[in-house]
Amino acid sequence: MTADNLEWEQRVADVWASFDEHSEDAFLTQIEQLAAELPPDSAAALFERAAAFDSTGHSDLAVPLYREALDIGLQGERRRRAVIQLASSLRNIGRAHESVALLTAERELESDDLDDAVSGFLALALVDTGRELEAISVALTALSRHLIRYRRSLANYAQEIFDDHPG
């Protein structure tokens, strides 16, 4: 990453860190200005614009931007965040089945510190599709990885819920 890229990333992080200090319009304007500094086909710029719309309650405007960013090759942690955030936005606009499909596929791809976020948002989407027991199983499985004691027991019970009541 170049010094210019690092500086841009820091300015983006600073705007996000001050999210609660700005009106919705001011926040969106700041993100739009930063995004405009990058080429029009920049996946990172599209992602930041989508995330800004998403965070200000405009999931409907975020969805196409997330999709475009992913389609043109968004990489790294932003790619995984975009999948999670796209799935959440889809759920928010009543397309929970698409959210489930997206997050289920994402769980198979890679493992990183966002695994539990994938599972958490998958659990929410499963509830919205009427698959509450599977949602509980997914959530408890994610939780079990953080326990010092009872990790194996909780994971086994979570799997038992899923096995006894598959979606």
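User: Why does Phe 27 count as buried?

Analyst: This is a predicted model. In it, Phe 27 has 1% relative accessibility. Buried means under 20%, so Phe 27 counts as buried.

User: What makes Trp 16 partly exposed?

Analyst: Its relative accessibility is 25%. Partly exposed lies between the buried limit of 20% and the exposed limit of 50%. Therefore Trp 16 counts as partly exposed. Phe 19 is also at 25%, so Phe 19 counts as partly exposed.

User: Why is the pair of Trp 16 and Phe 19 called stacked?

Analyst: The ring centres are 6.2 Å apart, with 10° between the planes. Rings pair if their centres lie within 6.5 Å, and planes under 30 degrees apart count as stacked. So the pair of Trp 16 and Phe 19 is stacked.

User: Why is the pair of Phe 19 and Phe 27 called edge-to-face?

Analyst: Here the planes stand at 80°, and the centres are 4.7 Å apart. Trp 16, Phe 19 and Phe 27 form one aromatic cluster.

User: Why are helices H7 and H8 called roughly antiparallel?

Analyst: Their axes cross at roughly 165°. Angles over 145 degrees count as roughly antiparallel, therefore H7 and H8 do. The crossing of H7 past H8 is left-handed.

User: Which residues of H7 and H8 meet?

Analyst: Among them are Leu 122 and Leu 126 in H7, and Val 138 and Ala 142 in H8. The contact divides into 8 nonpolar, 1 polar and 3 charged residues.

Conventions:
Residues numbered from 1 in each chain as written. Predicted model: local features only at pLDDT ≥ 70, side-chain atom pairs only at ≥ 80, totals over all residues. Heavy atoms only, no water. Phe/Tyr/Trp six-rings, centres within 6.5 Å; stacked < 30°, edge-to-face > 60°. Buried < 20%, exposed > 50% of the residue type's maximum accessible area, 1.4 Å probe, protein only. Axes fitted to C-alpha atoms, helices over the stretch in contact; angles between N-to-C directions. Helix = DSSP H or I, 4+ residues; strand = E, 2+ residues; numbered from the N terminus. Parallel < 35°, antiparallel > 145°, perpendicular 65-115°, else oblique. Left-handed = near helix turned anticlockwise from the far one by under 90°. Contact = heavy atoms within 4.5 Å. Nonpolar A, V, L, I, M, F, W, Y, C, P; charged D, E, K, R; others polar.
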